[in-house]
Amino acid sequence: MASKILVSDPLSDEGLEILKASGFPVDVKPGLTEDELCAIIGDYDCLIIRSGTKVTPKVMDAAKNLKVIGRAGVGVDNIDVPYATDKGILVMNTPSANILSAAEHSCAMLLALARNIPFAHESMHKGEWKRSKYTGVEMNGKVLGIIGVGRVGGEVAKRMKAFNMTMIGYDPYLPQDVADSLGVRLTTLEEVITKADFMTIHTPLLPETRNMISMPQFKMMKPNARIANVARGGIVNEDDLYTALKEKVIAGAAFDVWCNEPLTDDEKKLLELDNLVTTPHLGASTVEAQERVAVEVAEHAVMYLKDGIISNAINAPRGKLDAETEPYVPLVENMGRMVQQLVGNHPLDKLEISYCGSLAQKQTKLLTVSAVVGYLKGVIGEANIINALPVAKQKGIEITESSSDTAKDYAGVVEMKFSYANETHAIRGTVMGDQARFVGYDDYMFDIIMSGDLMMLSYKDGPGMIGTVGKALGDVNVNVGQMTVGRSEGRAFMVLTVDQWVPEETVAKINAAVGDGKVKFIDLTE
């Protein structure tokens with residue numbers, strides 16, 4: 001059955017054309033209430049939204065088939081991303097499509113604030129001519145403080161540099177060389193707040209950035225300071241902003257974003273202030289940006305639905321696979337499934353994954369996630385690359401990843417060391433051609449295809465063991481495809497591929513026959 005797409009906010013025609021050309025059924029239903037959305041969302045695999053639709057846990061619980069939420073824009077605070085992750089739903093946005101529009105709007109807001117343009121405009125339209133009342137200030141020679149010198153903040157810096165401003169910035173994640181290239185001196189948040197004549201905010205709304213600017217920060221600012229926010233509502237405490245402007249703690253502010261959009265009756269008191277420039281979330285509202293976000297979200301949603309290609313993901317692992325690492329995906333997932341069956345009902349404490357030889361210099365994050373997916377499929381039933389790592393963390397499983405340039409006997413090897421119930425074991429696998437192979441368990445070395453169903457036996461080395469196992473399987477008409485044996489210090493480890501499910505009583509019979517051994521039937525059949 002073809003995937004169905006629901007567009008629940010207005011989207012430009014260019015984006016809709018891409019969705020409809022994909023061959024998937026597309027319904028456009030803007031303006032739905034939460035209950036109306038819940039009533040129909042169960043039929044859809046993909047939901048395309050802008051800022052109007054709130055994707056709540058209630059909506060996602062009703063979305064039985066939902067695979068991906070595409071946000072045409074940057075901010076995803078209208079989506080419960082952690083809940084989507086737990087549900088295994090991919091969340092993607094369009095992080096680069098409206099950068100220039102947001103940066104230009106930030107600059108426009110700063111200039112409008114400096115020269116009192118909105119207030120002078122309103123006065124003129126009332127028939128007044130009050131030049132002295134709306135005397136402004138120059139940008140030239142002033143200090144511009146940028147909170148978040150990322151993509152938008154960086155573009156603002158490029159443009160405001162032309163006004164001969166001294167630029168300082170706070171961004172703990174920005175490399176020094178990037179800041180240097182922009183002409184921004186990186187410093188502390190406190191210095192930005194205390195020294196800036198003009199300040200502009202470009203951070204996401206996170207728990208650590210909510211109310212980042214409140215009354216204590218306003219009191220640290222210069223009395224002539226002016227602040228602009230074209231990022232997200234909630235970064236600046238609106239009640240404290242009102243007080244700071246009303247009591248002239250700072251000179252002015254220019255805001256495009258709000259805690260509630262549209263404003264609540266309580267928030268509308270801000271509109272009475274004569275030193276606050278306001279716009280209704282227009283940062284991305286240009287013809288060019290609207291087309292770009294629609295086209296970008298449509299293209300990436302279709303790529304994911306058709307080919308499983310993840311791009312612009314908020315809650316999926318970063319990284320990419322190349323021609324050399326891609327064949328290792330089924331290998332590591334099967335190794336994860338093998339770990340789960342070897343551990344059995346015991347909780348897994350730690351999974352250490354090492355990439356050896358030619359894999360050591362590759363991007364392997366997606367391989368690690370695929371291994372965890374394989375393990376969790378036998379634990380929670382449904383797992384994917386979206387929810388695998390968060391679920392593993394919730395279950396107290398420590399996942400580590402390392403690399404080594406050495407891979408004995410093979411070009412590339414994956415080793416998984418797993419710890420549970422005071423035991424630690426390791427399995428190793430590789431890929432030859434496009435074929436996944438099982439090549440080691442603890443100190444034992446061997447080589448056998450890793451697919452279908454396997455029998456694994458650890459026992460004291462001695463004559464007749466192969467015949468004993470073969471007879472027991474033959475007695476219940478289980479055919480052996482391949483067999484290999486590894487030996488170490490008087491013990492042996494046998495691995496067999498079998499064409500049929502091995503009954504539990506046969507496993508118990510073999511276990512008794514090999515004495516002090518351990519016998520495991522491993523099901524790798526999808």
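Select Pro-262 to begin; this residue is found in the loop between strand S11 (252-255) and strand S12 (276-278). Helices (H or I, at least four residues) and strands (E, at least two) are DSSP runs, numbered from the N terminus. Glu-261 and Pro-262 are joined by a cis peptide bond, with omega about 0 degrees.

The model is predicted: local features need pLDDT of at least 70, side-chain atom pairs count only at pLDDT 80 or more, and totals for chains, interfaces and linings use all residues. Residues are numbered from 1 along each chain as its sequence is written, and side-chain values use heavy atoms, with hydrogens and water left out.

Next, select His-281, in the loop between S12 and helix H12 (287-307). Its phi is near 55 degrees, a positive value in a residue other than glycine. His-281 counts as partly exposed because its relative accessibility is 23%. Buried means under 20% relative accessible area, exposed over 50%, and partly exposed in between (1.4 Å probe, protein chains only).

Proceed to Glu-489, which lies in the loop between strand S20 (480-488) and strand S21 (491-498). Here, too, phi is positive in a residue other than glycine, with a value near 50 degrees. At 81% relative accessibility, Glu-489 counts as exposed.

Now select Ser-3, in the segment before strand S1 (5-7). Is Ser-3 buried or exposed? With 12% relative accessibility, Ser-3 counts as buried. Leaving aside neighbours within four places in sequence, Ser-3 is in contact with Phe-24, Pro-25, Asp-45 and Leu-305; contact means heavy atoms within 4.5 Å.

The tour now turns to pairs of helices. Select helix H5 (residues 99-114) together with helix H7 (residues 151-160): their axes come within 8 Å and cross at roughly 50 degrees. H5 is therefore oblique to H7. Axes are lines fitted to C-alpha atoms, for helices over the stretch in contact, and angles run from 0 to 180 degrees between N-to-C directions. Angles under 35 degrees count as roughly parallel, over 145 as roughly antiparallel, 65 to 115 as roughly perpendicular and the rest as oblique.

The crossing of H5 and H7 is right-handed. A crossing is right-handed if the near helix is turned clockwise from the far one by less than a right angle, and left-handed if anticlockwise.

To view the contact itself, display Ile-99, Leu-100, Ala-102, Ala-103, Glu-104, Ser-106, Cys-107 and Leu-110 in H5, which meet Arg-151, Val-152, Glu-155, Val-156, Arg-159 and Met-160 in H7. By class, this contact of H5 with H7 has nine nonpolar, one polar and four charged residues. Ala, Val, Leu, Ile, Met, Phe, Trp, Tyr, Cys and Pro count as nonpolar, Asp, Glu, Lys and Arg as charged, and the others, Gly among them, as polar.

Finally, select helix H13 (residues 328-343) and helix H14 (residues 365-377), whose axes come within 7 Å and cross at roughly 40 degrees. H13 and H14 are therefore oblique to each other, and their crossing is right-handed. On H13 the contact is made by residues including Tyr-328, Val-332 and Gly-336, and on H14 by residues including Leu-367, Ala-371 and Tyr-375. The contact of H13 with H14 has, by class, eight nonpolar, four polar and three charged residues.

Keep H13 selected: the helix is mostly covered, with 14 of its 16 residues buried.
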